[in-house]
Structures are given as C-alpha cells and as structure tokens.
Amino acid sequence: MVSTVAYVALGGAMGAACRYLTGVGVARLFGVTGFPLGVLSVNIFGSFLMGVFVVLAAQRGLTHLSPFVMTGILGGFTTFSAFSLEAVTLVERGAIGQAALYVGLSVGCSIVALFLGLMLARGVL
C-alpha cells in the first residue's frame, strides 16, 4: 500500500511538471492570450494518452501500473480543477461565449481524444 502511494505521488509530480512545461510551450508557441490554450491542450492530450494506456495495459498485462500512470502521471498532467477555474474566470470577465466554447471544446475534444487513443491502441487507425 505504501509503495503504491509513493508511485502515485511520483507519477503526480512527473505529470504536474509535464503540465507546467506544456503550458509554457503552448504560451511560447501561440503567445499569452485570454483563452486558456495550455489547459485545453493538456486535457485533450491527457485524455488521448489515457485511452492509449487503458488498451495497452489491458493487452499487455500492465494494469498494475495504473496507479502510477493513470492516477499519478495523467492525474497530475490533466487539469480539470484548473479547467473549472478558467471557465469561471471567463464567465466573470463577461466572456460568456468564450467560456461556452472553452467548456465545449474541453469536454468534447477530450472525450474524442480518449476514443481516438483507444482506437489507435487497438490498431483500428
């Protein structure tokens, strides 16, 4: 039990560092805007990676790595608490349209990305 918690913590630290670096990279690539592209990007990409991992872990008997990868790395990488804050911030700024677009893209694209990750890992694509 203690080692599992340690693996989750290690994965969480790795995921959080990757989330930060992705946000910095997106800001450098697209500039700093009022639209939360960094958070949107990690949520979509993290969902895609979750889909890929679920299939590969099941096919290759690696489900024992789920706490480290799914809860730790991907849990630390994706940012739905930050997503909620960004959505509310847009609403409070009066950018209702941007907030709706952000919520729709975040949820819709993340679900599609997870589905694509599942398909890719299953060899459908």
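Me: This is a predicted model. Is Ser 106 buried or exposed?

Reply: Buried means under 20% relative accessible area. Ser 106 has a relative accessibility of 0%. Ser 106 therefore counts as buried.

Me: Which backbone oxygen lies 2.8 Å from a polar atom of the side chain of Ser 106?

Reply: Ser 106 is placed in helix 5, residues 96-121. A polar contact needs N or O atoms within 3.5 Å. At 2.8 Å from the Ser 106 side chain lies the backbone oxygen of Tyr 102.

Me: Which residues is Ser 106 in contact with, leaving aside its neighbours within four places in sequence?

Reply: Contact is taken as heavy atoms within 4.5 Å. With neighbours within four places left out, the partners of Ser 106 are Leu 40 and Phe 83.

Me: What residues form the largest nonpolar core?

Reply: Nonpolar side chains tend to be buried together in soluble globular proteins. Here the largest nonpolar core has nine residues. They are Phe 35, Val 39, Leu 40, Phe 83, Ala 87, Leu 90, Ala 95, Ala 99 and Tyr 102.

Me: Which helix supplies the largest share of this core?

Reply: Helix 2 (37-60), helix 4 (80-92) and helix 5 each supply at least two residues of the core. The largest share is three residues, and it comes from helix 4.

Me: Which residues does Val 39 touch, not counting those up to four places away in sequence?

Reply: Val 39 is one of the nine residues of the largest nonpolar core. With residues up to four places away not counted, Val 39 touches Thr 79, Ala 82, Phe 83, Glu 86 and Tyr 102.

Me: How many aromatic pairs does the structure hold, and what is the geometry of Phe 35 and Tyr 102?

Reply: The structure holds six aromatic pairs. The ring centres of Phe 35 and Tyr 102 are 5.6 Å apart, and their planes are at 85 degrees. Planes over 60 degrees apart count as edge-to-face. The pair of Phe 35 and Tyr 102 is therefore edge-to-face.

Me: How many residues apart are Phe 35 and Tyr 102?

Reply: Phe 35 is in the loop between helix 1 (2-30) and helix 2. Tyr 102 is in helix 5. The pair links distant parts of the chain, 67 residues apart.

Me: Are Phe 35 and Tyr 102 buried or exposed?

Reply: Phe 35 has a relative accessible area of 16%. Tyr 102 has 0% relative accessibility. With the cut-off at under 20%, Phe 35 counts as buried, and Tyr 102 also counts as buried.

Me: Why is the pair of Phe 45 and Phe 77 edge-to-face?

Reply: The ring centres of Phe 45 and Phe 77 lie 6.3 Å apart. The pair is edge-to-face because the planes are at 80 degrees.

Me: Which parts does the pair of Phe 45 and Phe 77 tie together?

Reply: The two residues are 32 residues apart in sequence. Phe 45 lies in helix 2 and Phe 77 in helix 3 (residues 66-77), so the pair ties together helix 2 and helix 3.

Me: Which residues are linked by ring pairs into a cluster?

Reply: Phe 35 and Tyr 102 form an edge-to-face pair. Ring pairs link them into a cluster with two further residues. The cluster is Phe 35, Phe 80, Phe 83 and Tyr 102.

Me: Which residues of helix 3 are buried, and what does their cover include?

Reply: The buried residues in helix 3 are Ser 66, Val 69, Gly 72, Ile 73, Leu 74, Gly 76 and Phe 77. Phe 77 is at 6% relative accessibility. What covers the buried residues of helix 3 includes helix 1 and helix 2.

Me: How many disulfides does the structure hold?

Reply: Cys 18 is partly exposed at 40% relative accessibility. Cys 109 is partly exposed too, at 29%. A disulfide needs two cysteine sulfur atoms within 2.5 Å. The number of disulfides is zero.

Me: How many helices and strands are there in the protein chain?

Reply: From the N terminus on, the elements run α-α-α-α-α. The count is five helices and zero strands.

Key. Residues are numbered from 1 along each chain as its sequence is written. This is a predicted model: local features need pLDDT of at least 70, side-chain atom pairs count only at pLDDT 80 or more; totals for chains, interfaces and linings use all residues. Side-chain values use heavy atoms; hydrogens and water are left out. Helices (H or I, at least four residues) and strands (E, at least two) are DSSP runs, numbered from the N terminus. Buried means under 20% relative accessible area, exposed over 50%, partly exposed in between (1.4 Å probe, protein chains only). A polar contact is a pair of N or O atoms within 3.5 Å; within protein, one must be able to donate a hydrogen and the other to accept it, and residues adjacent in sequence count only if both atoms are side-chain atoms. A nonpolar core is a set of buried Ala, Val, Leu, Ile, Met, Phe, Trp, Tyr and Cys residues joined through side-chain atoms within 4.5 Å. Rings of Phe, Tyr and Trp (its six-membered ring) pair if their centres lie within 6.5 Å; planes under 30 degrees apart count as stacked, over 60 as edge-to-face and the rest as tilted.
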